[in-house]
Amino acid sequence: MSKINDFFDGVVKEFKKVSWPTQKELIDNTIIVVVFSIIISVFIFGVDQMYSTILEAIYNQ
């Protein structure tokens, strides 16, 4: 039982060392991730459409 208590004491000590982000940092980082995800998605969609068009042209000859 003492090992379990030691474990949780260690967890509490480590959580006190964590540098938690402020609400503004959290919102800013969330916006960055969402915008970057949309940009990457649009890029992958464009490349996929380009390859589909090229392959369709090749196979329809």
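Trainee: Is F7 buried or exposed?

Mentor: This is a predicted model, where local features need pLDDT of at least 70, side-chain atom pairs count only at pLDDT 80 or more, and totals for chains, interfaces and linings use all residues. Residues are numbered from 1 along each chain as its sequence is written, and side-chain values use heavy atoms, with hydrogens and water left out. Buried means under 20% relative accessible area, exposed over 50%, and partly exposed in between (1.4 Å probe, protein chains only). F7 has a relative accessible area of 52%, so F7 is exposed.

Trainee: How many aromatic pairs are there?

Mentor: Rings of Phe, Tyr and Trp (its six-membered ring) pair if their centres lie within 6.5 Å; planes under 30 degrees apart count as stacked, over 60 as edge-to-face, the rest as tilted. By that rule, the number of aromatic pairs is 2.

Trainee: Which geometry do the rings of F7 and F8 have?

Mentor: Their centres are 5.3 Å apart. Their planes meet at 70 degrees, so the pair is edge-to-face.

Trainee: Which geometry do F15 and W20 have?

Mentor: The ring centres of F15 and W20 are 6.2 Å apart. The planes are at 10 degrees, so this pair is stacked.

Trainee: Which class does F15 fall in?

Mentor: Look at the relative accessibility of F15, which is 49%. F15 therefore counts as partly exposed.

Trainee: How many helices does the chain have?

Mentor: Helices (H or I, at least four residues) and strands (E, at least two) are DSSP runs, numbered from the N terminus. The chain has 0 strands, and its helix count is 2.

Trainee: What is the radius of gyration of the chain?

Mentor: The radius is taken over C-alpha atoms, and the globule rule is 2.2 Å times the number of residues to the power 0.38. For 61 residues that rule gives 10 Å. The chain is well over this, so it is more spread out than a compact globule, with a radius of gyration of 25 Å.

Trainee: How far apart are the end C-alpha atoms of residues 26-47?

Mentor: An unreviewed UniProt entry annotates residues 26-47 as "transmembrane region". UniProt positions are in the numbering used here, feature names are shortened, and annotations may be inferred rather than shown by experiment. In the model the span is 100% helix and 0% strand. Its end C-alpha atoms are apart by 32 Å.

Trainee: Which helix holds Y59?

Mentor: Y59 is exposed, given its relative accessible area of 67%. Residues 23-59 form the helix that holds Y59, namely α2.
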